[in-house]
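Subject: A structure to look at, with notes

Dear colleague,

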Amino acid sequence: MSSIIDFTLHIDVHLANLVSHFGIWTYLILFVIVLIETGAVVLPFLPGDSLLFAAGAISMTPAGQEAGLNHWVFMVVFFIASVVGDSMNYWILRTGGRELLNHRPFSIMIKPKYIEEAEQFFAKRGAMAIILGRYIPIVRTFVPSVAGLSKYNFRKFLEFTMIAALSWTFIATGAGALFGNIPFVREHFSLIIMGIVLVTLLPSVIGVLRSLMKKKKQQ
């Protein structure tokens, strides 16, 4: 966990090292990281927003351009990785999720009523959950899982996933390309990345606090 935190907070340094060692193969490495973040249910803590921002920034540096990197290509790479990762996540839980519920610790953590609630939620607010969930770390990994587990319509899921992935990759990578190499941003990159992480986590924190307050009132 500490290595992931270090990688996230100093992602500009680590990414620069990747580019210097692997050059054009950086596309493939970052593709795999984004794919795993969304596709592997057990690895939701890999960097997402900060990685896209840093990739956009480094593509505009002399080192990035010398390596043949381009922020438009990064957008396409991240878009494909996001859609494929979400689809993998969805089908893993759709086909094998019910089996997992028969074994611990899943049988303890996930009750049948939770699945019923998830089905009702996606029937009413599936589009909102899929599109907005893409912008929230950790949540974006579990939204496809819940959609698959509740057997939400895959065609709708794929449609909303593509909309979310397209906007997410365009905004995050584009912001890095436009602002990542401004002297102030470059000098305070770690603080800005931390700010991005905190801002994207804020909706989740607010949601949890509201849920806790609601339960407390009911008691």
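This is a predicted model: local features need pLDDT of at least 70, side-chain atom pairs count only at pLDDT 80 or more; totals for chains, interfaces and linings use all residues.

Residues are numbered from 1 along each chain as its sequence is written, and side-chain values use heavy atoms, with hydrogens and water left out.

The chain as a whole

The chain holds 12 helices and zero strands, where helices (H or I, at least four residues) and strands (E, at least two) are DSSP runs numbered from the N terminus. Of the 219 residues in the chain, 40% are buried; here buried means under 20% relative accessible area, exposed means over 50%, and partly exposed lies in between, with a 1.4 Å probe and protein chains only. The chain exposes about 12,400 Å², of which carbon and sulfur atoms supply 70%, the areas coming from the Shrake-Rupley method with a 1.4 Å probe and, for residues, only the protein chains shown counting as cover. Among the contacts with a separation of 6 or more, 77% come from residues 24 or more positions apart, a contact being heavy atoms within 4.5 Å.

Regions named in the record

The unreviewed UniProt entry lists residues 24-46, 72-93, 160-182 and 188-209 under "transmembrane region"; these positions are given in the numbering used here, feature names are shortened, and annotations may be inferred rather than shown by experiment. In the model, residues 72-93 are 100% helix and 0% strand, and the end C-alpha atoms of that span lie 32 Å apart. Residues 160-182 are 87% helix and 0% strand, with their end C-alpha atoms 34 Å apart.

Why is helix α4 described as largely enclosed by the rest of the structure? The description is used because 10 of the 10 residues of helix α4 (residues 49-58) are buried, and among them are Asp 49, Phe 53 and Gly 56. Helix α9 (residues 139-149) is also largely enclosed by the rest of the structure, because eight of its 11 residues are buried, including Arg 140, Pro 144 and Leu 149. Just after α9, Lys 151 takes a positive phi of about 60°.

Aromatic rings

A pair of aromatic rings is described by the distance of the centres and the angle of the planes. Rings of Phe, Tyr and Trp (its six-membered ring) pair if their centres lie within 6.5 Å, and planes under 30 degrees apart count as stacked, over 60 as edge-to-face and the rest as tilted. By this rule there are eight aromatic pairs. One of them is formed by Phe 74 and Phe 78, which are stacked, at 5.5 Å centre to centre and with 10° between the planes. Both of these residues lie in helix α6 (residues 71-100), four residues apart, or about one turn of the helix, and both Phe 74 and Phe 78 are buried. Elsewhere, Tyr 90, Trp 91, Phe 154 and Phe 157 form one aromatic cluster.

Charged side chains

Side chains of opposite charge can pair when their charged atoms come close. Taking a salt bridge as a side-chain nitrogen of Lys or Arg within 4 Å of a carboxyl oxygen of Asp or Glu, the count comes to one salt bridge. Asp 86 forms a salt bridge with Arg 134, and the closest N and O atoms are 2.7 Å apart. The pair links distant parts of the chain, 48 residues apart, with Asp 86 in helix α6 and Arg 134 in the loop between α8 (112-133) and α9. Asp 86 and Arg 134 are both buried. Arg 134 also lies over the face of Trp 168, at 4.7 Å from the ring centre, where a charge sits over a ring if NZ of Lys or CZ of Arg is within 6 Å of the ring centre and within 35 degrees of the ring normal.

A residue in helix α10

Met 162 is found in helix α10 and is partly exposed, with a relative accessible area of 37%. Which residues does Met 162 touch, not counting residues up to four places away in sequence? They are Phe 79 and Val 83.

With best wishes
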